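Welcome, and please open the structure in your viewer. We will go from stop to stop, with something to select at each one.

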Amino acid sequence: MQGSGLMLEGVVTHVRDGDTIVVSGVPVRLSGVTADELGTARGEAAAAFIRDMVRGEVVTCALTGETTHDRQVGRCSIDGEDLGIKLIAARLAGRCARYDPDGFYRVPQQDAGPYTGLMPAYCIPR
């Protein structure tokens, strides 16, 4: 991932869904992964999983410099453990190949097996 060098560190103040968190008031879209939307069983499970994981924890996000809608884009971790890898390993998110061009999530996805949720068209490389 080409990073912007910008780091964001803070407590998660809100979990919007399985692939978007708000860190110290800054919305961050997790780069390279996708989770089903809220309102679906898998989307609700992904959001609950992230919510439980980040509750009371300090999160560090390496921002890419990109934005999507009102969100910064980045990879986030707790104590060096990547949230995207945790979501993929739990089978609650899948690798979004188009936004993971360096293949950071390729092996975690192979280890977890195919993502059985809904893979949005925007995740397919052009």
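**First stop: a salt bridge**

Select Arg42, which counts as partly exposed because its relative accessibility is 24% (buried means under 20% relative accessible area, exposed over 50%, and partly exposed in between, with a 1.4 Å probe and protein chains only). The side chains of Arg42 and Asp36 meet in a salt bridge, 3.9 Å from N to O; the term stands for a side-chain nitrogen of Lys or Arg within 4 Å of a carboxyl oxygen of Asp or Glu. By this rule the count comes to 8 salt bridges.

A word before moving on: this is a predicted model, in which local features need pLDDT of at least 70, side-chain atom pairs count only at pLDDT 80 or more, and totals for chains, interfaces and linings use all residues. Residues are numbered from 1 along each chain as its sequence is written, and side-chain values use heavy atoms, with hydrogens and water left out.

**Second stop: Arg75 and its partners**

Select Arg75 and Asp100, whose side chains form a salt bridge at 3.3 Å, N to O. Arg75 lies in strand S6 (residues 71-78) and Asp100 in the loop between strand S8 (94-95) and helix H3 (106-112), so the pair ties together parts that are 25 residues apart in sequence. Helices (H or I, at least four residues) and strands (E, at least two) are DSSP runs, numbered from the N terminus. Are Arg75 and Asp100 buried or exposed? Both Arg75 and Asp100 are buried.

Keep Arg75 and show Phe104: the charged end of Arg75 sits over the ring of Phe104, 4.1 Å from its centre. Such a charge is NZ of Lys or CZ of Arg within 6 Å of the ring centre and within 35 degrees of the ring normal.

A search of the whole structure finds 2 aromatic pairs. In one of them, the ring centres of Phe104 and Tyr105 are 4.9 Å apart and the planes are at 90°, so this pair is edge-to-face. Rings of Phe, Tyr and Trp (its six-membered ring) pair if their centres lie within 6.5 Å; planes under 30 degrees apart count as stacked, over 60 as edge-to-face and the rest as tilted. Phe104 is partly exposed at 37% relative accessibility, whereas Tyr105 is buried, with a relative accessible area of 1%.

Next, select Glu81 and Lys86, a salt bridge whose closest N and O atoms are 2.6 Å apart. Glu81 is partly exposed at 40% relative accessibility, and Lys86 is partly exposed at 33%.

**Last stop: Leu38**

To finish, look for Leu38 in the loop between strand S4 (33-34) and helix H1 (41-54). With 41% relative accessibility, Leu38 counts as partly exposed. Which distance separates the C-alpha atoms of Leu38 and Arg16? They are separated by 8.7 Å, while the two residues are 22 residues apart along the chain.
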